[in-house]
Amino acid sequence: MAGLTLKHIVKRYGNAEPTLKGIDLDIKDGEFLVLVGPSGCGKSTLLRTIAGLESITEGELFIGDRLVNDVHPKDRDIAMVFQSYALYPHMTIRRNMAFGLEVRKMAKDEIDKLVAEASSMLGLDDFLDKLPKQLSGGQRQRVAMGRAIVRRPKVFLFDEPLSNLDAALRTQMRVEIRRLHKKLKTTIIYVTHDQVEAMTLADRIAVLSGRDKENGTKNAGYLQQVGSPLELFQRPVNKFVAGFIGSPSMNFIDAEIVEKEGKKSVVIDGKHSIALTKECADAVKDGQKVCLGIRPQDVILADKAHPANVQVKVDVIETLGWECHVHYKLGEHPFLAVAEAQKLIGVKDEDEMGLYIAPEVVHLFDLDEHGTAIAHGGGLNNKDASVVEGAKAECEPHFTSLNEVIASVSDSKEDSDSKED
Ligand code: ADP
């Protein structure tokens, strides 16, 4: 087993602008690191660079203490699992798993032992004498993992391994992969564009930026943030990470800081005023223009305990079963909120509503092109989020655990795919 160190990795194809523009990343021994980012941002390129399938233009790559820039892929002690399974169609499942070891001239009884172990771990014992075409997609993906496991590599690389599977199977395989990691404790680097996979599997998530509408590829190809799923969700370093992690995406609205009688608020269109926690208030000054970020799950329908601080009009309600996505108009701004379906009974399009936004769920960003985070409210259950006196809300408990965060992000592929546009 080994960790990895990436020192300023640059990858350029031909004379084009580099796809990866200087990636610095330390991956600990035994860590499960998930690499996410929009389509085309260079996730596969980075994985292939680590595997040695692509050369490194600049920078240094260490596996453990060994510099491997010029080491052949087969000598890097890495096993890669692809989205396409890449099984040999005319070989049995047993042979598919054993083949890599045969090529390495391992003794037959040792190969049999390793294949038997992997097969039992992955529930493939009944399929060993079958051909890949006789197996389902999920079973074939398990064979692909088995083929990687038998090699006992120092590092596993997974390139969107579950993308070809349907939603139910993806959920099942996600759990199996997590279980496998618990058993093997091998370092894993896992590429996906599926947020739920990222949130549920990762010890840490690394977010890579892609091209964006305003700046094209100028800000693409950089690592934006590396951290635990909860850290990224609650304390994104900039608008890109804030918008990419979490589904549905965070609302962003331009707003202004107003200070009255020593208390600072963030005000939208001069009339909707949200108090600030101490952390936010200390980071801004009266009159400052900011971008306000609010997660759709953090919006509360106003009631006696939560008096409205934002007035909206219902545009469209999407009912998803237990919950609804409510598209409001906040003045001229589109504003999305998630609400319990039961609480919206009788509410119709164009109805005027009052919403309550707690100081603790406010995220403030710079208006510059990087949208750097200025401060975060800290989350409703964050004991450290001391609130400006008088602004503390009597709110229902909010996200306390990663599981709750995960439950709040949608499992639909449509959601994650739509982020790639
Ligand atoms: P992702 O995995 O994030 O979807 P990729 O790593 O596949 O993205 O691709 C990132 C970019 O790198 C692509 O948009 C493309 O411009 C460039 N790229 C990838 N592979 C090659 C290649 N073999 N030759 C030239 N350009 C490439």
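Of the 421 residues of the chain, 52% count as buried, where buried means under 20% relative accessible area, exposed over 50%, and partly exposed in between, with a 1.4 Å probe and protein chains only. The model is predicted: local features need pLDDT of at least 70, side-chain atom pairs count only at pLDDT 80 or more, and totals for chains, interfaces and linings use all residues. Residues are numbered from 1 along each chain as its sequence is written, and side-chain values use heavy atoms, with hydrogens and water left out.

The chain exposes about 19,600 Å², of which carbon and sulfur atoms supply 50%; accessible areas come from the Shrake-Rupley method with a 1.4 Å probe, and for residues only the protein chains shown count as cover. The radius of gyration is 24 Å, which agrees with the value near 22 Å that a compact globule of 421 residues would have. This radius is taken over C-alpha atoms, and the globule rule is 2.2 Å times the number of residues to the power 0.38. Along the principal axes, the C-alpha atoms fill a box of roughly 80 × 45 × 40 Å. Among contacts between residues at least 6 apart in sequence, 68% join residues at least 24 apart, a contact being heavy atoms within 4.5 Å.

The chain contains eleven helices and 21 strands. These are DSSP runs numbered from the N terminus, helices (H or I) having at least four residues and strands (E) at least two.

One helix, H1, spans residues 43-51 and includes Leu46. Seven of the nine residues of H1 are buried, so the helix is largely enclosed by the rest of the structure. Among the buried ones are Lys43, Thr45, Leu47 and Ile50. Leu46 is buried too, with a relative accessible area of 2%. Leaving aside neighbours within four places in sequence, Leu46 is in contact with Leu6, Leu20, Ile23 and Leu35. Just after H1, Gly52 takes a positive phi of about 90 degrees.

Two strands count as paired if DSSP finds at least two bridges between them. E17 (residues 323-330) and E18 pair in the antiparallel sense over eight bridges. Within this pairing, Cys324 has Ala339 of E18 as its bridge partner.
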